[in-house]
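Subject: Structure handover

Hello,

I am passing a structure on to you. Please look through it first; my notes on what was found follow below.

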Amino acid sequence: MTLAIVTTLAVLAVMLATYLMFRVIGTRRHTLLLTADEKSRWDDTVVRRVGNPLVVASLVGTLTSLATAYLFFIGTSKVFGYWILVCPVSIFVGGFVTNRITSRVLSSEHLRSRITGLSQQSGVIARLFWTSDVANMRVSRAVKWISIISIAGIIWLEFALFSDVLGLLLGIDQLLIRASICGFSAFVVTHFTIRFGLRGFVFADAFHSPLLVLAAIAIAVTTAVHFAQSQTTPFDGAVIRTLVTPLVDTTSGLLFVGHVLVLNAFLVVFTEAHWLRLWALTERPVISQQLAGTGSTALVWLVLSVCGLLAFGITGTVGENAVADLLARFGENGIVAVTIFWLGAAAALFSTADTQIYSLLLVSRFDPLSGQIDDAQFANMRPALIAGIAAALFFGLYWAARESQVPFEKIIFIIIPFTLNLMPAFAALLFRRRPSALLVTLSLLGYMAFATLGFLQAADEFTMTLSASLVPIVVSLFVWLCPRESVENGR
């Protein structure tokens with residue numbers, strides 16, 4: 001009972017602190033978008049004074065999500081053993097890739113004009129591919145829907161895994177209650193984000209990111225102490241080899257490495273959050289602080305990966321059960337470690353979900369025919385109504401996923417890399433070719449074919465699931481076969 005109370009209070013404390021920060025820093029808005037005057041003042045005051053730390057905080061908070069980092073590394077590091085170390089290395093390398101692609105795009109006056117300026121459609125990826133040409137409108141529409149599906153999937157995954165682990169720790173077996181937790185948490189974060197807008201969640205990330213970093217370090221240290229206490233033999237090479245030996249076979253391990261290298265190389269630059277960040281915090285701090293942000297993220301991921309390997313040595317389990325078992329062990333020796341874990345977990349949930357929710361609202365209202373976002377669509381928004389709809393939808397999706405017993409590890413490996421299907425379109429821009437909606441569609445169809453085959457395999461078999469992320473690369477090679485018409489000529 002004590003553990004349940006502490007867990008609940010820790011989560012509610014982060015929610016309350018976030019709300020208070022929104023109230024102090026954010027502004028209650030009747031429209032979601034910033035006007036040109038508001039954006040100009042934002043650039044002159046906020047960005048000029050604290051743009052650099054806000055970029056780093058946003059990167060760390062968005063990339064160190066609850067589902068795909070905080071819980072994934074603690075629960076799944078042992079599954080891939082020493083292969084897991086490719087994750088922190090590759091996310092840092094991804095910073096170089098992000099800057100290279102971003103600079104390449106901005107070096108083209110034609111492309112730069114689409115994503116710079118005071119109007120907020122400049123922060124939407126689909127805007128990069130929009131022109132008055134019908135073919136480009138089709139590409140823009142395809143890009144828009146890939147982004148929507150990717151963002152919605154990530155948001156749902158965050159709340160779903162939050163509900164799962166919270167339910168396991170509290171001993172809640174009833175699906176109705178777990179689904180209700182998913183719906184309630186979705187309601188709170190969605191309502192806060194819509195009500196207080198960009199200013200609110202950008203500054204909230206500056207609170208959430210340090211909190212989740214400190215929590216990750218504290219949990220790793222606590223795990224190391226518990227591991228040392230659980231050992232009856234000296235800590236030597238044999239123990240280390242046991243900890244880092246993968247549970248998957250070599251083929252799956254190599255596929256995991258390929259999957260991660262491709263994903264993390266493009267994880268930032270192919271997501272809406274990057275282009276929204278580029279618009280909201282401007283070009284100079286975003287590019288100059290990219291490596292600081294991905295480097296900081298890499299260190300946090302490394303800490304969490306080591307924590308996950310040690311956790312297996314304590315619990316002997318993997319996945320969500322490993323996280324719950326580890327927290328139960330912490331609870332036997334006091335409540336401090338459990339409290340810290342949930343403070344970090346709630347911060348990770350907020351820091352990822354709020355940015356994604358804001359991006360989803362923008363992308364969903366982007367019109368591929370006009371290339372604009374009409375601010376009138378956001379006039380007199382009703383945050384509670386929209387949040388209520390999101391809560392009901394996520395409640396139902398969680399219920400369906402748990403009833404069908406879909407393995408969440410496979411869902412993670414499909415949802416997170418989904419945005420890689422933008423690669424054929426980006427390849428065309430980078431090589432100054434006309435983007436093709438057909439190639440984007442082929443990438444998407446191939447990706448989903450592998451994903452479907454992956455779900456038909458056994459729960460612990462990841463061959464097809466991991467292979468899905470390689471499809472966009474293969475399809476992108478066909479960009480070389482496209483007509484050599486430059487983007488500038490393809491207006």
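Leaving out residues up to four places away in sequence, F341 touches Y70, L71, I74, I219, V323 and L327. Please keep in mind throughout that this is a predicted model.

The nonpolar cores

F341 also belongs to the largest nonpolar core, which has 156 residues. W156, F256, F341 and W342 are the residues with the most contacts inside this core. Which helix gives the core its largest share? That is helix α7, residues 175-230, from which 21 residues of the core come. Another core lies apart from this one and has six residues, among them A427, A428, V475 and V479.

Aromatic pairs

The structure holds 21 aromatic pairs. In one of them, F192 and F350, the ring centres are 6.2 Å apart and the planes meet at 25 degrees. Planes under 30 degrees apart count as stacked, so the pair F192 and F350 is stacked. F192 sits in helix α7 and F350 in helix α14 (residues 336-365), so this pair links parts of the chain that are 158 residues apart. Both F192 and F350 are buried.

A second pair, F413 and F462, is edge-to-face, with 5.7 Å from centre to centre and 85 degrees between the planes. This pair also links distant parts of the chain, 49 residues apart. F413 is in helix α16 (residues 408-415), while F462 is in the loop between α18 (437-456) and α19 (463-467).

A buried glycine

G371 lies in the loop between β1 (366-367) and β2 (372-373). Its relative accessible area is 0%, and G371 is therefore buried. Setting aside neighbours within four places in sequence, G371 is in contact with Q121, R127, W130 and F366. From G371 to R434 there are 63 residues in sequence and 17 Å in space, C-alpha to C-alpha.

A nonpolar patch on the surface

V89, F92, V93 and F96 form a nonpolar patch on the surface, and together they have about 350 Å² of accessible area. One of them, V89, is in helix α4 (residues 86-106). The relative accessibility of V89 is 53%, so V89 counts as exposed.

Two positive phi values

Most residues other than glycine have a negative phi. Two exceptions are worth a look. T282 has a phi near 70 degrees, a positive value, and lies in the loop between α10 (272-281) and α11 (283-288). At 22% relative accessibility, T282 counts as partly exposed. R432 also has a positive phi, near 60 degrees, and lies in the loop between α17 (423-430) and α18.

Regards

Terms used: Residues are numbered from 1 along each chain as its sequence is written. This is a predicted model: local features need pLDDT of at least 70, side-chain atom pairs count only at pLDDT 80 or more; totals for chains, interfaces and linings use all residues. Side-chain values use heavy atoms; hydrogens and water are left out. Helices (H or I, at least four residues) and strands (E, at least two) are DSSP runs, numbered from the N terminus. Buried means under 20% relative accessible area, exposed over 50%, partly exposed in between (1.4 Å probe, protein chains only). Contact means heavy atoms within 4.5 Å. Patches are made of residues with over 30% relative accessible area and no salt bridge: like charges are joined within 9 Å, nonpolar side chains (Val, Leu, Ile, Met, Phe, Trp, Tyr) within 5 Å. Accessible areas come from the Shrake-Rupley method with a 1.4 Å probe; for residues, only the protein chains shown count as cover. A salt bridge is a side-chain nitrogen of Lys or Arg within 4 Å of a carboxyl oxygen of Asp or Glu. A nonpolar core is a set of buried Ala, Val, Leu, Ile, Met, Phe, Trp, Tyr and Cys residues joined through side-chain atoms within 4.5 Å. Rings of Phe, Tyr and Trp (its six-membered ring) pair if their centres lie within 6.5 Å; planes under 30 degrees apart count as stacked, over 60 as edge-to-face and the rest as tilted.
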